[in-house]
Each structure stands twice: as C-alpha cells, then as structure tokens.
Amino acid sequence: MKATEGTRGKNSGCCVTLAFFITLTFASYILTTICSPLSATTHNPQKHYLHMNTTIDPEKVPATYARCFLSNCPLSDRCLRHLAGQHLLPNQQIGPAVYPTALNGDQCPMFREIRYIRAAYGFKTLFKDVKLKDSNPLREALYQYLGSITTYYRYQRGERMLTPEQQQWILTLFASKGYTDQLSFEHYVDTYDFS
C-alpha cells in the first residue's frame with residue numbers, strides 16, 4: 001500500500017512538472033509567434049515598414065534633403081527629416097538643415113511623416129499601346145501635373161521617383177482614356193519617401 005502511495009506521489013510530481021513545462025512552452029509560443037511584431041505585420045506590411053525600420057542608409061538620402069537635428073521637437077520621433085539627421089556619412093560635415101526657428105510650439109512646417117513606400121521609376125512603357133490621337137492629350141496632362149516638360153522627362157526616364165499617389169494619378173489618367181490593361185511602371189523600389 002505504501003509503495004503504491006509513493007508511486008502515486010512520484011506520478012503526481014511528474015504530472016505537475018509536465019504540466020508546468022507545457023504551460024511554459026505554450027506561453028513562449030504565444031509571446032514569440034502570436035504577439036511578435038513581425039507576425040502582427042503580416043496583415044499590414046505598411047505598418048511594419050513604419051515601425052520596424054528605424055535606420056536609413058545615409059547614401060540613400062538625397063543631397064538636397066534638409067535634415068533636422070532638433071532633439072527637443074515633439075514631432076521628432078515621427079519625422080523623416082529628424083531620422084535622416086541621425087544617419088550621416090562619416091565625412092559629412094555640411095548640408096541642408098532645418099533651422100530651430102522652424103519649430104513653433106508643437107508645429108513645424110518642415111515636418112515630414114516617416115513613410116516607407118513602394119516608389120516607381122520611369123513610364124515610357126505606359127505609352128506603348130497608346131493611340132496617336134490620345135498621345136498628345138496624355139502628355140499635356142502629365143506636363144501640367146508634374147510641373148513642366150523638363151520635369152516630365154526626368155520622371156519618364158526614371159531619374160525621379162513617383163510616389164504611390166503620383167502613380168495612382170497617372171494610372172487614373174490613362175484609365176480615363178480607356179487604357180487599363182497591363183499598365184505598370186518600369187521598375188519599383190521600396191524606400192523612404194524623400195519627395
């Protein structure tokens with residue numbers, strides 16, 4: 001009878017240990033898989049880009065882009081200019097900057113929201129199947145939208161990036177003339193929005 005009780009005690013202890021191990025394993029699974037920030041971004045990659053990317057390759061920041069170094073700015077944790085200001089090339093000593101006078105309380109006209117986007121470059125191929133009668137009206141509309149003929153050709157050749165909003169405007173313009181099939185820009189790059 002005593003041997004049976006001892007066996008029960010050992011079995012009971014083993015069950016408690018096993019249950020505790022299973023609980024820890026399950027909790028670890030929950031924390032690393034379900035609650036993981038990377039897992040949470042599966043449904044919203046744009047959110048992942050905004051919150052997981054906190055570094056910038058200094059060489060990717062345009063030379064004319066004004067950086068901000070105002071650490072006391074209440075907008076700094078959401079501002080691309082401030083993020084760019086934290087990532088300089090080792091030999092970079094001078095360049096465009098946001099002056100302290102830009103900050104007015106909690107407002108700044110130079111503030112740029114951090115956005116990680118899919119930028120497009122080049123759109124010569126959009127005109128591939130365009131009829132002659134539609135070609136000039138489409139170009140004229142693009143001249144006006146993009147600012148000038150010179151700027152138009154810089155975008156067309158892929159020298160300047162097109163934001164998602166610009167891409168949508170251009171595709172909508174082509175759709176208004178009946179061109180909707182297989183429309184795409186020449187190449188795409190995931191990048192911070194320095195526009």
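Tutor: Let's start with cover: α5 and α7 (164-176) are among what covers the buried residues of α6, where covering goes by contact, meaning heavy atoms within 4.5 Å. Keep in mind that this is a predicted model, where local features need pLDDT of at least 70, side-chain atom pairs count only at pLDDT 80 or more, and totals for chains, interfaces and linings use all residues. Residues are numbered from 1 along each chain as its sequence is written, and side-chain values use heavy atoms, with hydrogens and water left out.

Student: What makes a stretch a helix or a strand here, and how many does the chain have?

Tutor: Both are DSSP runs, numbered from the N terminus: helices are H or I with at least four residues, strands are E with at least two. On that basis the chain has seven helices and two strands, in the order α-α-α-α-β-α-α-α-β from the N terminus.

Student: Which residues of α6 are buried, and why are they said to line one face of the helix?

Tutor: Thr151, Tyr152, Tyr155 and Gln156 are the buried ones; buried means under 20% relative accessible area, exposed over 50%, and partly exposed in between, with a 1.4 Å probe and protein chains only. Looking down the axis of α6, these buried residues fall within an arc of 140°, so they line one face. The arc is taken from the directions from the helix axis to the C-beta atoms.

Student: Why are α5 and α6 called roughly perpendicular?

Tutor: The axes of α5 (residues 132-146) and α6 (residues 149-156) cross at roughly 100° and come within 8 Å. Axes are lines fitted to C-alpha atoms, for helices over the stretch in contact, with angles from 0 to 180 degrees between N-to-C directions. Under 35 degrees is roughly parallel, over 145 roughly antiparallel, 65 to 115 roughly perpendicular, and the rest oblique. So α5 and α6 count as roughly perpendicular.

Student: Which residues of α5 and α6 make the contact?

Tutor: From α5 it's Arg139, Leu142, Tyr143 and Leu146, and from α6 it's Ile149, Thr151, Tyr152, Tyr153 and Tyr155.

Student: How do you know whether Gln182 is buried or exposed?

Tutor: Gln182 has 80% relative accessibility, so it counts as exposed. Gln182 sits in the loop between α7 and β2 (187-192), and its phi is positive, near 50°, though the residue isn't glycine.

Student: And what follows α6?

Tutor: Gly158, with a positive phi near 85°.
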